[in-house]
Amino acid sequence: MRKQVTSANLIIAALLLSAFMLVLLLPHAIGDTGNHRHGNLHSKAAPRAGSYGNIKIHGKTWGVFPPLVTSGGPLQLNHVPQNQVKTGGPEQPQHRGSQVASASHALITEANSKRPQGQNPFLGPDILIEKSASGLVSSDPLTNETRTQQELESDPGFWSFGGDAGAENASYAFWRDSMGLHIGIQPHGGDNNPIYAGFYAETQQANATLFHVAITAPARYLADGSAYYQANMIIAPTLQSSQNYISCFSDTGISGTVWAVALAGKGLKILWADDGQQQPLTQDCTLVTNGRNYLAVFLGGTEVYENRELALNMSAPFNVYLESESSYRGQMMNATFADYYSTSNDTVTIEGRAANATYATISTGSDGNISRSPFLSGEAVLNVGGSRYPLNGTITVYGAGNETLSSSRQEIFGGDAYRLFALPGAPQNLTLDSVNSSSATISWDPPLSNGGSPITGYEIERSGSESLQKASRNSTGPAYFSFGNGTTFDDISLDGGSTYIYIVFAKNLAGLGPPSYAINVTTPADLQSPSHLAANSTSPTEVSLSWQAPPEDDLRIQGYEIERSSDGAATWSTIVYDTRSNLTTFQDTGLEPQASYAYTVAAITPLGLSPKSNIAYATTQQSTVGSPTAVAGIVVPLYCAPYGRDSSSCPVNSTSTDCSKYPDDFCWQPIVDAHLSHPRVPLFVIINPDNGPCLSADNPCDYSQDYGNGIGNLTKNGITVLGYVRTRYADPASTPTCCPYREVQENLTQWSTLYGQKGVSGINLDEMSTRLGPNHTTLSYYENLTRYARNNLGFQNVFANPGIPTIPAYLNGHAADTINIYEGAGAPSLSMISSGTLADTSPVFGRTNFSLVAFCQPELPNSTVVGNYSNYVGYLYFTDVGSYCTAYDANPWDRISSYLSELAGELDKPASTLTINTVDQSGRPISGYYVGVTQSGHIIPSGYSPLPYLATAGVAYTFTPVGYAACSFDHWNDNLSGVASRTVRATAYNQQFTAVFSGPGCP
């Protein structure tokens, strides 16, 4: 309750003068020479009563302060009792400041249950209370650290310190500990000339309207009847002569301690005081003001003063001063301050977004409802000015029938803002976009209302019955799918010839909204698979396939997709994506001698791909002599013109462009010579006129007679020619969808049209990405290019160059036949090549899946190094171009390596196939058992039994068969050795070795 000042308080009140004279007489720095913004906050020499005094601030005279006691009687307080406060008068306080902190709320990812259509979306927990802005402007508990005066002087942090204690020759001290911020003052002066000195801590400026601190006075009485001590919290704007100051303080003298609130400036007004006996030494003081007409004061959580008709003349932002002021010379008097904070307002605002929200309350467990407000114009404004912050309270929103719509425990500050979020509406226009025997695609439009917060996702319910009322996820209920905020869903887990019902729910911060209307989806009957697939070996490198077409059922067979496995059906690769024919035979060529393969076939129809056929197995015939090819081949990037009359011609590594030493000035002749000297070495050449098939970027892309003749010279001598195409790393910026597909497709077509008849039989896709991309779009991009090159244009070889190791998804022929994993200066390390070829991973990839090219290599690496590389990659190339320049100051592919023929000679060594077979104890062949391969201690690409390994004659290899499940290695069939690791030195002839496996239940 509020207390009136009586006549007995007059003497005490008169002694309060110095507490309100917020002056800055002298700049005072702690150990400096006046660098602080403010000086003293107490009245330096103003009398306690009966006289006037002039105050100077920064050299400017500020009027006079009137005496506290007049001849006409006691000072009349400008105080309006609570029941007399006007509500329609001057400007009301501003309830929201400009400095607020953002807040977030954890998303509710799903509702407790699904709801049938028609259920009210504004019931119970379906409304979420979320803090949208914090009213806390600044805070310092002042009890959270221990710091000495010296530490505070060197690093004051949020506070600055000052006062006129030094100028008045007074002692002062300040420090922090677990009790709070202590500020002490002890004046020194003559008996007849009491000196008032003060010292303070000052906050940074803040745009706030509510300020709080807990003040503890050091003593209840003073022994000196002429001395007084004050502990103050003072609210002051940037100081100007026309502005006022508000103070909440304790005043201690010989008669005891008084708590009071005052307004000072040109004059002094005591707004409220309590001089009752045994006043507490500690009080929570809260001041709420807009600086213009409104002031409310709370002590200990009780409102003691409120007025909406003041002329405060205070302009924000405000500073807060915590001051210790004294004229008592007997000892150092220390005030203690704790729990300082400021907030943007003394109210909490709730923005109502639920149609039937009528009022809101804030309550605590001990005090019940401490504030209540109706929703007016969509808002409820609840006053919490008398609470100590943070207020751990419960915000509850009620409906018209006093039912609880939502309740949320919050940490509340004055000025906080909250929003109510309702559930979103039902998704609109649910539509079936496509369907086949195993999948369906549905789409929808967002709800007409998002409930006041963004849609965070959707949930799709799929039911196989007519019942949509099942709410719980269980084994017999519907299937549920959580989804992002897209509006299209692909369901790929359907059965053919079945009917499904779909409904969709939208989610926002409040939860899951009502369902859309339902749609029925009926999948067509399952397609039937091709049957009676048979595989027969017709040579050491060929297998012939035949099968029966599935019953068409009025569906036209458009072609067939053929898959092959070389590891006993453990992993598969697609060798033909579309035969583009309804013929039921196929010849698979280019295989390894005496190697086992498995095949499946699927039909391509207007409704999609049929199930796969049965698996057919075949083992290619044995080659009784060494392989007609070397153990590895060469791939040469050739980025120059074929004839010397062109300035971009490239003879063997030389700065000269004179090609006259070659027949017809044919600058590519060194490549022909190298191949004719070593015809067993496969030699691939990548032709690149100008980043593609065209001589320039100009259209149209015309045929070049020189390039046609040059390519013809290569192909007629048994050299495989690849056309160069850039893919720009599948950069999405090149096209609105994913990648520059149209540009690359045009380049592929131009290579086929212009130079296909001259022998360009393959493609090199340069600047290849190694990312999967969202939903594998980047990988699909390269798979589509490769499919187009093979199936549409008839190219037999597809190379690709990321220049670095790639990921397994790009291998197995899906994105390319061969991927270049290294393009750099100097020979790469063997460990890098081993890692890049995934030598010790599963599935295992063949060497022909990989290549490497190295430039700035002054000399050809020795035979051992070249041999080690050939264990990992099927094609390689070294060039000394750049050996007399720094790394990239010249294109390393503009000239031909000077030791190309030497490289061909190193690779032109006899090769043979070493085959590792596996059988059970009865001698029956078993397959699919891993066989590790090492050479000179290095793991090299391995495989699964039966494993045919192309080996270099004279080189020793170690094979280690590994058991699986109940089957384990027992012995080698030819020498009965029980040690699994076996070292074999390759000869020029094919060899076979058989490992015997045993164990209970071993097939």
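**Helix packing and backbone exceptions in the predicted model**

Helix α4 passes α10 in a right-handed crossing, a crossing being right-handed if the near helix is turned clockwise from the far one by less than a right angle, and left-handed if anticlockwise. The structure is a predicted model, in which local features need pLDDT of at least 70 and side-chain atom pairs count only at pLDDT 80 or more, whereas totals for chains, interfaces and linings use all residues. Residues are numbered from 1 along each chain as its sequence is written, and side-chain values use heavy atoms, with hydrogens and water left out. Helices (H or I, at least four residues) and strands (E, at least two) are DSSP runs numbered from the N terminus.

The axes of α4 (residues 669-677) and α10 come within 9 Å of each other and cross at roughly 25°, where axes are lines fitted to C-alpha atoms, for helices over the stretch in contact, and angles run from 0 to 180 degrees between N-to-C directions. That angle makes α4 roughly parallel to α10, since angles under 35 degrees count as roughly parallel, over 145 as roughly antiparallel, 65 to 115 as roughly perpendicular and the rest as oblique. Contact, defined as heavy atoms within 4.5 Å, is made by Pro670, Ile671 and Ala674 of α4 with Leu900, Ser901 and Ala904 of α10. The residues of this contact divide into five nonpolar, one polar and no charged, with Ala, Val, Leu, Ile, Met, Phe, Trp, Tyr, Cys and Pro counted as nonpolar, Asp, Glu, Lys and Arg as charged, and the others, Gly among them, as polar.

Helix α10 (residues 900-907) also packs against helix α9 (residues 863-870), their axes coming within 10 Å and crossing at roughly 65°; α9 and α10 are therefore roughly perpendicular to each other. The crossing of α9 and α10 is right-handed, and in it Ser863, Val866 and Ser870 of α9 meet Leu903, Glu906 and Leu907 of α10. Three nonpolar, two polar and one charged residue make up the contact of α9 with α10.

Helix α7 (residues 777-792) has 16 residues and reaches 21 Å from its first C-alpha to its last, close to the 22 Å expected at 1.5 Å a residue, the expected span being 1.5 Å times one less than the number of residues. Its buried residues include Leu779, Tyr781, Tyr782, Glu783, Leu785 and Arg790, where buried means under 20% relative accessible area, exposed over 50%, and partly exposed in between (1.4 Å probe, protein chains only). The cover over the buried residues of α7 includes α6 (741-755), β45 (760-766) and β46 (797-801). Just after α7, Gly794 takes a positive phi of about 80°.

Most residues other than glycine have a negative phi, and most peptide bonds are trans. Ser377, although not a glycine, has a positive phi of about 55°; this residue is placed in the loop between β21 (368-374) and β22, and at 83% relative accessibility Ser377 counts as exposed. Gln594 likewise has a positive phi, near 50°, and is located in the loop between β38 (585-588) and β39 (596-605), but at 15% relative accessibility Gln594 counts as buried.

The peptide bond from Tyr389 to Pro390 is cis, with omega near -5°, and Pro390 lies in the loop between β22 (379-383) and β23 (391-399). A cis peptide bond, with omega of about -10°, also joins Ser945 and Pro946, and Pro946 is found in the loop between β53 (938-944) and β54 (947-952).
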